[in-house]
Amino acid sequence: MSRPQCAIREVHQADDIKSTILRDRAERGWRIWTIGFVSVDDGYETGLLMLDFYDRTSSAKVYEVFVLDRFRKCGIGARLMERAELAARRLDAKIIELEVHPLDENIDACALRAWYSTLGFNGELDSRLMKKDLQPKHNG
Ligand SMILES: CC(C)(COP(=O)(O)OP(=O)(O)OC[C@H]1O[C@@H](n2cnc3c(N)ncnc32)[C@H](O)[C@@H]1OP(=O)(O)O)[C@@H](O)C(=O)NCCC(=O)NCCS
């Protein structure tokens, strides 16, 4: 089932999040340089992505992407990742990185790595780090 109506809202502090589960996660992971994205479906908050942007290295990092269990496998995680990538590009990030680190028992590292690969991330199999190059490719 896909959820084309799912909207993505940018948030600037954990307190902007209504869902207790998502707000708790944001409170634990939020740093001053974090940009948050919350997916909203029919007025209901369904997922959270925290993106860190590092001006000095022109790089961005997906610190955490989390979709409430009952809303998973509907395309919401991918929508959050796409939105984060767009934000990173707008900030002129050259690269977006993440660490493969399952946050609950419902998805394992192998499935998570495969999912990130479908979103264009690459990395060595013996490392948790995955990256996506955001620089435009020039032919010739
Ligand atoms: C990873 C996560 C964000 C994906 O969100 P989602 O909304 O389910 O993702 P999408 O619907 O866009 O993509 C679904 C795809 O993700 C993968 N996937 C999601 N859940 C999975 C599971 N339990 N087992 C295996 N693959 C899974 C599959 O490739 C799936 O594609 P399919 O439906 O064709 O099999 C979600 O599973 C989650 O919140 N997990 C817990 C938090 C976490 O570990 N986050 C990552 C580290 S920060």
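Student: Which residues are the closest to the ligand, and how many surround it?

Tutor: In this predicted model, 21 residues surround the ligand, and the closest are Arg 72, Gly 77, Ala 78, Leu 103 and Ala 111.

Student: What makes up the shell around the ligand in terms of nonpolar, polar and charged residues?

Tutor: The shell divides into 13 nonpolar, 4 polar and 4 charged residues. Among the closest residues, Arg 72 is named, and Arg counts as charged, while Gly counts as polar.

Student: Why is Val 62 called buried?

Tutor: Val 62 has 23 C-beta neighbours inside 10 Å, and the cut-off for a buried residue is 20 or more, so Val 62 counts as buried. The residue sits in strand 4, which covers residues 59-67.

Student: Which residues is Val 62 in contact with, leaving aside its neighbours within four places in sequence?

Tutor: Val 62 is in contact with Leu 49, Leu 51, Ala 84, Ile 96 and Leu 98, where a contact requires C-beta atoms within 7 Å. As a separate distance, Val 62 and Ile 95 are 33 residues apart in sequence and 11 Å apart in space, taken from C-alpha to C-alpha.

Student: How do you know that strand 1 and strand 2 pair?

Tutor: Pairing needs at least two bridges, and 5 bridges join strand 1 (residues 7-11) to strand 2 (residues 34-41), so the two strands pair, and they run antiparallel. Within this pair, Glu 10 stands opposite Phe 37 of strand 2.

Student: What joins strand 2 to strand 3?

Tutor: Strand 2 and strand 3 (residues 44-54) pair over 8 bridges in the antiparallel sense, and the bridge partner of Val 40 in strand 3 is Glu 45. The hairpin of these strands has 2 residues between them, and Asp 42 takes a positive phi near 55° there.

Student: What is the order of the strands in the open sheet, and which are the edge strands?

Tutor: The 6 strands follow the order 1-2-3-4-5-6, with mixed pairing. Strand 1 and strand 6 (129-133) are the edge strands, as each pairs on one side only. From one strand to the next, the twist averages 25°.

Student: Where does helix 1 pack?

Tutor: Helix 1 (residues 20-29) packs on the sheet, where it touches strand 2, strand 3 and strand 4, and its direction makes about 15° with that of strand 3.

Note on methods. Residues numbered from 1 in each chain as written. Predicted model: local features only at pLDDT ≥ 70, side-chain atom pairs only at ≥ 80, totals over all residues. Helix = DSSP H or I, 4+ residues; strand = E, 2+ residues; numbered from the N terminus. Buried ≥ 20, exposed ≤ 12 C-beta atoms within 10 Å, placed from the backbone. Contact = placed C-beta atoms within 7 Å. Near = placed C-beta within 6 Å. Axes fitted to C-alpha atoms, helices over the stretch in contact; angles between N-to-C directions.
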